[in-house]
Amino acid sequence: MAKQTSFLTSIKRLYPHVSPILPRLVMGLVSALMASIVALAIPQVLKVLVNGTLYPGGDANTVWVAAAVILALGVAEAGLVALRRQFVINPATSVETKMRVSLYGHLQDLAVSFHDRWGSGQLLSRSMTDLNFLRRWMAFGAIMLVVTTLTVLIGVGVMFTMSWQLALIFLGAAIPIMFYSFRFRRRFSRVTRLSQDQAGDLATTVEESVHGIRVLKAFGRSREALESFNEQAEELRQTEITKARQQAMFTMVVTLLPELALGLGLVVGILLAANGELSIGSLVAFFATAAVVAAPVEFSGMLLAMALTAKTAVDRHFEVMDTPNDISSPAEPARPAVVRGAVRFSGAGFGFDDGGRLLRDVNLDIRPGETMALVGVTGSGKSALLQLVPRLFDVTTGSVTIDGVDVRNFSLEELRTVVAVAFEDTTLFSSSVRDNVLLGAPDRSDAALEEALDVAQAQFAFSLPDGVDTLIGEEGLSLSGGQRQRIALARAIAAKPRVLVLDDPLSALDVNTEERVEARLREVLRDTTTLIVAHRPSTVALADRVALLQNGTITAVGTHSELLAGNAHYRYVIASLDTEPKDLDTELHEELEGELANELGNALDDAGKAAR
């Protein structure tokens, strides 16, 4: 549940971002206020015109002078409005951009555990929709809210100078409006927050459905996904309708009451004029001024709604920005004198925030240049153990060291230069093959690219329409699972790390391709310390030694032959490992080809029967 704060408390948090452009905003405010004052001056010209000209024998030239003055005031008002826009638009967009970049940078720094909890659509709506609305509110809503308030106050003051009786009638309408405004603020704040959160959830659903479209199609769940999305969309629609109703009701109140006050004031004003207590010019000027004041009063509903939505946007933005970064570089980073790649787990333990203990008292030494395979039953914590090395997660007990230096004492930039990772579930970016492979490479030459692709047996990249410069689409979904894994493996190899962490990166490869990859990896990994999770017996053969993870701790370490001969649980794990690659994309492709072949064969048979 989000912490509730007052409007001023929330908006004050924008000050560090707004302070550099505050002079421009103030000039925009002054321009808008002067435009309103000019608008209030027009009724005074009408007052002089009516009292000084519109009577038998009045000077007709005065009409032309008054018309010229009113025209000049109108041009001045339009110019001041345009000037306000010039003052505020560019600075407001710069604040929006800086806040967006700051948010993105913070998201990059936050730990993986944060991203595991937050839906991507919620983060997307905060970085795009909320900040876009804040920019519009800073450039328009906030300024006009202040100008509207001052216009009403100045206008009512002017009205009192013309007729205190009529001004009291008009002011009387403000009391129920103020009372209703407080109720409106509370209700509208709640529904606005609900609407923005629901919009974020809906964005998450869209993103998940697009990324998982192949799974939805493969399992025939498109209709169910559509029904679920329709329910969420309908909930958002109902919330938006509730928002619109509340805003419409408020607008009706702030429009109706001033109009009723003007109607009553007209009757009283005519009576006062008939009794000689009020001049005709003053009566005309009063109602002209009232018309100028009534417009911002009616506009206040929208401005108040904008202000409350802006408050919610600020709260949502700082919910993310206030999240502490649990994994950061130390104040005084350390590094070994020589990075050889010796990795040691000393009593290492890890558990999630919910209290679950995944790893406990893990002790493991990996020698420089050694390839260590990590095996264990599903859920034993193999992937979690790997992610402790590059500090994607931090140990909760014990330590992980590289060449005697705790990984928590490395700067993150240095650590993630020393350690490279390739995951089983590959993540590629909507860019070229070249950019994906050379993402963390110190050498971005063509030679480094070709070597990495050759080692990973990803030469298929050269056969793509634009070769290695081919855009591979969002998350690389234009490639098969095996192709994606080979690109991800090439990316890890191109980084030239001293420690390479591989989370079963060969699971989607066929046996022949895996053999070629393993042969090339043996060549290039001679001086690289490698920790690899193995889900297939053939992957274990790549390792110099094997570590057995059982019940969250290392229970045995040795060569494959030694463990096979002397450890019953190791034999059970090896017997349960997959022997064939898993590539859903390729399997679906083959199934579709088989179905098409069957349909074609049936069609030919039918055609043959028809011919006979």
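**Close-up views of a predicted model**

At 9% relative accessibility, K311 counts as buried (buried means under 20% relative accessible area, exposed over 50% and partly exposed in between, with a 1.4 Å probe and protein chains only). This is a predicted model, in which local features need pLDDT of at least 70 and side-chain atom pairs count only at pLDDT 80 or more, while totals for chains, interfaces and linings use all residues. Residues are numbered from 1 along each chain as its sequence is written, and side-chain values use heavy atoms, with hydrogens and water left out.

**View 1. K311 and D315 meet in a salt bridge.** Here N and O of the two side chains are 2.6 Å apart; a salt bridge is a side-chain nitrogen of Lys or Arg within 4 Å of a carboxyl oxygen of Asp or Glu. Both residues belong to helix α11, 4 residues apart, or about one turn of the helix. Helices (H or I, at least four residues) and strands (E, at least two) are DSSP runs, numbered from the N terminus. D315 counts as buried because its relative accessibility is 18%. A search of the whole structure finds 23 salt bridges, and R126, D130, R193, D197, R316 and E319 are linked in a network of them.

**View 2. Helices α4 and α11 cross.** The axes of α4 (residues 61-109) and α11 (residues 280-321) come within 10 Å and cross at roughly 35°. Axes are lines fitted to C-alpha atoms, for helices over the stretch in contact, and angles run from 0 to 180 degrees between N-to-C directions. On the α4 side, the contact is made by M99, S102, L103, H106 and L107, and on the α11 side by H317, V320 and M321; contact means heavy atoms within 4.5 Å. These residues divide into 5 nonpolar, 3 polar and no charged. In this count, Ala, Val, Leu, Ile, Met, Phe, Trp, Tyr, Cys and Pro are nonpolar, Asp, Glu, Lys and Arg are charged, and the others, Gly among them, are polar.

**View 3. Six strands form an open sheet.** Follow the strands in the order β6-β7-β8-β3-β9-β10, and you will find mixed pairing; two strands pair if DSSP finds at least two bridges between them. The edge strands, β6 (419-422) and β10 (553-558), each pair on one side only. From one strand to the next, the twist averages 20°. β6 and β7 (residues 499-503) pair in the parallel sense over 4 bridges, and A422 has L502 of β7 as its bridge partner. Helix α16 packs on the sheet, touching β6 and β7, with its direction at about 175° to that of β6. Helix α20 (residues 568-576) also packs on the sheet, where it touches β3 (371-375) and β9 (545-550); its direction makes about 95° with that of β9.

**View 4. Helix α16 is largely enclosed by the rest of the structure.** This is so because 14 of its 14 residues are buried. After the helix comes K496, whose phi is positive, near 50°.

**View 5. K496 forms a salt bridge with E451.** The closest N and O atoms are 2.8 Å apart. This pair links distant parts of the chain, 45 residues apart: K496 sits in the loop between α16 and β7, and E451 in helix α15 (residues 446-455). K496 counts as partly exposed at 45% relative accessibility, and E451 counts as partly exposed at 33%.

**View 6. E523 and R520 form a salt bridge within helix α17.** The closest N and O atoms are 2.6 Å apart. E523 is partly exposed at 41% relative accessibility, whereas R520 is buried at 18%.

**View 7. T528 lies in the loop between α17 and β8 (529-533).** With a relative accessible area of 9%, T528 is buried. Leaving aside neighbours within four places in sequence, T528 is in contact with G369, E370, P497, R498, V499 and L500.

**View 8. Q247 lies in helix α10 (residues 222-274).** A relative accessible area of 24% makes Q247 partly exposed. The C-alpha atoms of Q247 and G301 are separated by 6.7 Å, although the two residues are 54 residues apart along the chain. Beyond its neighbours within four places in sequence, Q247 is in contact with F184, F188, G301, M302 and A305.
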